[in-house]
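Please read them with the model open.

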Amino acid sequence: MSHKSGFVNIIGNPNVGKSTLMNALVGERLSIITSKAQTTRHRIMGIVNGDDFQVVFSDTPGIIKPAYELQNSMMDFVKSAFEDADVLVYMVEIGEKELKDETFFNKIIHSKIPILLLLNKIDKSSQEQLEEQVELWRNKVPNAEIFPISALENFNVSEVFNRILELLPQSPPYYPKDALTDKPERFFVNETIREKILLNYDKEIPYAVEIETEEFLEDEKIIRIRAVIMVERDTQKGIIIGHKGAAIKKVGIQAREDLEKFFGKQIHLEMFVKVNKDWRSNAYQLRRFGYNQK
């Protein structure tokens with residue numbers, strides 16, 4: 001029996017719904033979803049297996065003009081998504097008219113690989129607006145197949161998946177058939193805690209935070225986790241902890257609930273806050289946290 005495998009990489013501006021689509025396609029909550037921009041920092045792979053196929057999806061950071069070293073590294077993940085894709089999913093939302101980086105846009109319109117342009121959030125549009133948007137993007141990206149979708153409502157997502165299967169090359173699987181992602185358990189602990197910080201704190205605080213899981217000890221019935229929340233300044237440490245520890249306690253409760261669903265076990269979670277000065281601009285620290293791969 002012939003077998004198809006391939007890499008399907010999702011790119012687009014911040015907040016267009018890339019992570020929601022990825023989770024819908026994979027059927028698991030692998031990527032953070034919040035209303036804040038630049039939620040995804042890494043390139044996160046989700047793997048869908050069938051008897052005769054393996055699709056390796058990649059969720060990537062939203063395309064921005066980088067302002068500091070961390071954002072440069074985030075854009076390197078997007079560049080790498082062009083290099084190994086068998087199918088490129090370019091995601092836009094209703095009302096959007098351009099990609100924020102002309103270089104990436106030129107790569108898309110001159111790409112030799114299949115491009116699926118997904119026009120997301122159509123549940124928020126009228127039929128007239130939808131038709132105008134389809135025409136706009138057909139002229140801008142003539143080499144793309146256009147699919148109007150709602151990732152949140154799961155509308156037209158299965159049609160996109162079926163088209164991806166048709167476009168995949170014949171190939172043996174790249175990962176074991178029971179694999180769900182290329183990331184280790186600790187990565188999902190870090191991302192779950194970071195998501196709760198994004199949801200519970202305002203302004204610069206969530207963007208100045210990085211999580212490091214120092215301990216992950218799994219028994220038959222319980223997983224014991226010790227994680228460190230890194231911030232850049234002492235004032236941020238005080239805000240994360242909150243009055244009498246109330247703020248960090250709330251984050252811990254929410255993170256533990258999600259982690260128990262994800263791992264299917266009882267979770268004992270300890271969190272500490274440390275100052276790691278200007279880590280977002282420090283090449284050594286970024287490598288340590290898995291960003292700068294150069």
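**Sheet and helix packing**

1. An open sheet of 3 strands has the order 7-8-9, with mixed pairing. Its edge strands, each pairing on one side only, are strand 7 (210–218) and strand 9 (266–275). From one strand to the next the twist averages 20°. Strands (E, at least two residues) and helices (H or I, at least four) are DSSP runs, numbered from the N terminus; pairing needs at least two DSSP bridges.

2. This is a predicted model: local features need pLDDT of at least 70, side-chain atom pairs need 80 or more, and totals for chains, interfaces and linings use all residues. Numbering starts from 1 along each chain as its sequence is written, and side-chain values use heavy atoms, without hydrogens or water.

3. Strand 8 (residues 222–231) runs parallel to strand 9, joined by 10 bridges. Ala 227 sits opposite Met 271 of strand 9.

4. Helix 6 (residues 185–200) packs on the sheet and touches strand 7, strand 8 and strand 9. Contact means heavy atoms within 4.5 Å. Helix 6 makes about 130° with strand 7. Angles run from 0 to 180 degrees between N-to-C directions, with axes fitted to C-alpha atoms, for helices over the stretch in contact.

5. Helix 8 (residues 246–263) lies across strand 7, strand 8 and strand 9, at about 140° to strand 9.

6. How do the axes of helix 6 and helix 8 cross? They cross at roughly 140° and come within 9 Å. Residues in the contact include Phe 188 and Ile 193 of helix 6, and Val 251 and Leu 259 of helix 8.
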